[in-house]
Amino acid sequence: MANKKIQSALISVFYKDNLEPIIALLKKHGVKIYSTGGTQKFIEEQGAEVIPVEELTSYPSIFGGRVKTLHPKVFGGILYRRENEGDVSQAAEFDIPAIDLVIVDLYPFEETVASGASEADNIEKIDIGGISLIRAAAKNFKDVTIIASKDQYAELEAKLTEQNGETSLADRKYFAAQAFQVSSNYDTHIFNYFNQTEEIPALKVSESKAKSLRYGENPHQAAHFYGDLEDLFDQLNGKELSYNNLVDVDAAVNLIAEFPDQTAFAILKHTNACGCATADSVKEAYQKAFAADTTSAFGGVLVTNKTVDKAAAEEMHSLFFEVLIAPDFTEEALEVLKGKKNRILLKQKMNLPGSKMIKTLLNGVIEQDKDLATESKADFKVVTKVAPSEKELDALVFAAKVCKHTKSNTIVLSNDSQLFASGVGQTSRVDALRQAIIKAGEFGFNLKGAVMASDAFFPFPDCVEIANEAGITSVVQPGGSIKDQLSIDYCDAHGMSMVMTGVRHFKH
């Protein structure tokens with residue numbers, strides 16, 4: 001039969017929230033209920049009769065509750081095939097009752113780890129009986145309905161109400177698929193917890209929350225976001241984030257994290273900063289960032305690391321932009337910024353978690369550590385006769401931070417608090433430099449005394465030659481070319497300073 005009347009149920013859950021309506025329905029339909037421990041007590045408080053699992057198995061809960069349901073009478077009642085004569089005969093022989101519905105909610109392992117609990121507490125939150133019940137019931141979905149999470153209580157309640165206590169084969173298969181999602185996600189988090197120290201070369205990724213996006217990079221591409229954005233942001237205004245918004249937001253929060261001790265502002269388009277600056281106030285930092293490229297800022301993603309006040313909000317309100325990210329907004333600022341209903345305002349609640357990056361490639365996946373290296377003055381090795389001044393050193397640090405987050409090949413031109421221009425994503429570093437110089441000129445920047453940052457070494461001295469002609473006086477680059485000396489010699493001959501970091505920051 002495709003449809004089956006639920007006549008017996010095993011319920012063993014950690015969270016009892018919203019379980020009451022289901023207990024009421026099972027009681028209404030005369031369903032025989034088996035349960036354990038705290039769940040048994042909860043069900044009895046709802047006025048329903050309960051058969052303790054210990055009564056079914058003739059075994060008590062042992063080892064501090066580690067073994068309660070692991071018994072042939074429990075798993076036999078779930079796994080035996082109702083239309084298989086041999087199974088039915090054995091069930092009768094060993095007095096194994098059929099169990100038609102299993103409701104389990106696993107110990108909160110992931111939440112316990114996230115709380116900073118001890119290893120002993122984390123291990124005790126690895127569910128054994130529950131995960132086994134889930135797998136058994138899901139395997140026998142032709143006969144058994146499995147509810148593997150409190151998130152599915154409402155769906156079960158709706159099915160039992162609409163179908164008079166019955167479930168269809170399609171219902172049971174759907175719940176089985178959901179159950180294997182729960183079990184695989186659970187095991188993934190346990191493995192990753194252990195693998196923090198063991199470093200087994202295996203990639204396990206599991207995200208249980210999915211959000212459909214309007215489309216992907218282009219309208220003909222379907223897209224989803226897997227993860228919990230609400231952990232990271234409160235959205236205070238605007239339409240739903242698009243695929244491209246999310247990509248730019250990720251780039252924006254990574255860039256702004258480079259300036260923890262300064263008031264910083266950045267404007268990004270297609271993951272590259274078209275403006276970035278530090279200042280004494282958010283308003284001033286925005287003005288300086290906007291000045292770097294007043295054209296590209298249109299439709300951009302804006303980010304700051306300080307509270308947006310009314311003065312800053314009024315300054316940027318006339319610009320059309322997609323997203324503004326900040327750790328907070330004053331009420332007066334929100335009143336101004338919410339004047340455009342589609343404008344997305346994100347309050348960032350935490351820094352980006354994780355230290356790994358994953359990308360699909362060819363017929364597989366590549367994984368790498370995030371680029372968490374950020375060079376300071378202490379990391380600079382002066383390689384020229386002339387050393388940078390203190391102000392130039394500050395400028396080189398600033399330029400290197402922006403350069404790290406710009407697509408290769410890239411060149412960044414700046415002073416100590418403002419991006420002047422960048423050349424991004426070029427096939428030639430010379431082209432990247434020329435692009436940056438032209439762009440700086442278009443927006444009125446005099447490059448005399450500016451600094452230059454490069455994401456990788458100079459294979460020839462042509463870039464320092466062009467930079468010198470433009471008025472640039474100091475350079476930061478990784479070094480490592482077999483012809484580094486040619487660039488050093490040119491700088492020495494023309495009074496330029498150069499530092500090397502030994503760290504390349506390719507970004508593809």
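Helix α9 (residues 153-162) packs with helix α10 at an angle of about 175°, and their axes lie 12 Å apart. That makes α9 roughly antiparallel to α10. This is a predicted model.

**α9 and α10**

- From α9, the contact uses Glu 155, Leu 156 and Lys 159.
- From α10, the contact uses Asp 171, Tyr 174 and Phe 175.
- By class, this contact divides into three nonpolar and three charged residues, with no polar ones.

**Nonpolar cores**

- The largest nonpolar core has 51 residues.
- The residues with the most contacts inside this core are Ile 11, Leu 19, Leu 26, Ile 78, Val 102, Ile 103 and Ile 146.
- Helix α10 (residues 169-198) gives the largest share of this core, seven residues.
- A second, separate core has 40 residues, including Ala 264, Ile 325, Leu 393 and Ala 395.

**Ile 103**

- Ile 103 is among the residues with the most contacts inside the largest core.
- Leaving out residues up to four places away in sequence, Ile 103 touches Leu 10, Ile 11, Ser 12, Val 13, Leu 19, Ile 22, Ile 147, Tyr 153 and Leu 156.
- Two of these partners, Ile 11 and Leu 19, are also listed with the most contacts inside the largest core.

**α17 and α18**

- Helix α17 (residues 429-442) and helix α18 (residues 462-470) have axes that come within 9 Å.
- These axes cross at roughly 10°. The two helices are therefore roughly parallel to each other.
- The crossing of α17 past α18 is right-handed.
- On the α17 side, the contact is made by Arg 429, Val 430, Leu 433, Arg 434 and Ile 437.
- On the α18 side, Asp 462, Cys 463, Ile 466, Ala 467 and Ala 470 make the contact.
- Seven nonpolar and three charged residues form the contact of α17 with α18, and no polar ones.

**Thr 112**

- Thr 112 sits in helix α6 (residues 109-114).
- Its relative accessibility is 12%, so Thr 112 counts as buried. The cut-off for buried is under 20% relative accessible area.
- Thr 112 touches Ala 117, Asp 121, Asn 122 and Lys 125, again leaving out residues up to four places away in sequence.

Notes:
Residues are numbered from 1 along each chain as its sequence is written. This is a predicted model: local features need pLDDT of at least 70, side-chain atom pairs count only at pLDDT 80 or more; totals for chains, interfaces and linings use all residues. Side-chain values use heavy atoms; hydrogens and water are left out. Axes are lines fitted to C-alpha atoms, for helices over the stretch in contact, and angles run from 0 to 180 degrees between N-to-C directions. Helices (H or I, at least four residues) and strands (E, at least two) are DSSP runs, numbered from the N terminus. Angles under 35 degrees count as roughly parallel, over 145 as roughly antiparallel, 65 to 115 as roughly perpendicular and the rest as oblique. A crossing is left-handed if the near helix is turned anticlockwise from the far one by less than a right angle, and right-handed if clockwise. Contact means heavy atoms within 4.5 Å. Ala, Val, Leu, Ile, Met, Phe, Trp, Tyr, Cys and Pro count as nonpolar, Asp, Glu, Lys and Arg as charged, and the others, Gly among them, as polar. A nonpolar core is a set of buried Ala, Val, Leu, Ile, Met, Phe, Trp, Tyr and Cys residues joined through side-chain atoms within 4.5 Å. Buried means under 20% relative accessible area, exposed over 50%, partly exposed in between (1.4 Å probe, protein chains only).
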